[in-house]
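Colleague: Could you take me on a close look at the packing in this one? I would like one connected account that I can follow with the model open beside me.

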Amino acid sequence: MFFGGALGALARAILDLLNAGQASGGIAHSTMFVNVVGAFLMGLLVTTWVLRRAQNTVWDRFKLFVGTGFLGAFTTYSTFALAIAQSSKHHVGIAIFTGAGVVLAGIVGVTLGAAVARLFFSGRRIA
């Protein structure tokens, strides 16, 4: 879990550095991107976990490494919430629109991730 978190935080930091200075209503595009991609990957992971039929310690450790570790550190809803709060001081409409848009995109992302997992893993045993 620790190494997954370190890798997730590193991936997010690299995206932030590559995207420095680009923002939408005070919210960095990389912050929006990681939250939506993280939601997709979490939908994929959790649905695959639910669909699997066999218990396996390697798979259980992988879930913790990726879900709690990597995705927990990769996504950054606290930064997102802070950016929404700060941008609402100057641009309330943009803050509301951006906040709602990213949350809806996250819901779509998790739904698509779950759909992809069901498409590929439904009815299959995952060792």
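Modeller: Of the 127 residues of the chain, 34% count as buried, meaning under 20% relative accessible area, with over 50% called exposed and anything in between partly exposed (1.4 Å probe, protein chains only). Please keep in mind that this is a predicted model, where local features need pLDDT of at least 70 and side-chain atom pairs count only at pLDDT 80 or more, while totals for chains, interfaces and linings use all residues. Residues are numbered from 1 along each chain as its sequence is written, and side-chain values use heavy atoms, leaving out hydrogens and water.

Five helices and two strands make up the secondary structure, in the order α-β-β-α-α-α-α along the sequence. Both kinds of element are DSSP runs numbered from the N terminus: helices are H or I with at least four residues, strands E with at least two. Among contacts (heavy atoms within 4.5 Å) between residues at least 6 apart in sequence, 74% join residues at least 24 apart.

Let's settle on helix H2, residues 29–51, and begin with its partner H1, residues 2–18. These two helices pack at about 145°, with axes 8 Å apart; the axes are lines fitted to C-alpha atoms, for helices over the stretch in contact, and angles run from 0 to 180 degrees between N-to-C directions. Their crossing is right-handed, a term for the near helix being turned clockwise from the far one by less than a right angle, with anticlockwise giving left-handed. From H1, Arg 12, Leu 15 and Asp 16 meet Ser 30, Thr 31, Phe 33 and Val 34 of H2. By class, that contact has three nonpolar, two polar and two charged residues. Here Ala, Val, Leu, Ile, Met, Phe, Trp, Tyr, Cys and Pro count as nonpolar, Asp, Glu, Lys and Arg as charged, and the others, Gly among them, as polar.

Thr 31, in H2, is buried at a relative accessible area of 6%. Setting aside neighbours within four places in sequence, Thr 31 touches Asp 16, Thr 76, Thr 79 and Phe 80.

Phe 80 takes us to H4 (residues 77–87), where the buried residues are Phe 80, Ala 83, Ile 84 and Ser 87. Down the axis of H4 these residues fall within an arc of 100°, so they line one face of the helix; the arc is that of the directions from the helix axis to the C-beta atoms. Phe 80, Ile 84 and Ser 87 also meet residues of H5, including Val 92, Thr 98 and Val 103. That contact of H4 with H5 has six nonpolar, three polar and no charged residues.

H2 passes H5 in a right-handed crossing, and their contact divides into 14 nonpolar, seven polar and one charged residue.

Further along H2 sits Thr 47, buried with a relative accessible area of 14%. Apart from residues up to four places away in sequence, Thr 47 touches Ala 114, Ala 117 and Arg 118. Thr 47 and Ser 122 lie 75 residues apart in sequence and 9.4 Å apart in space, C-alpha to C-alpha.
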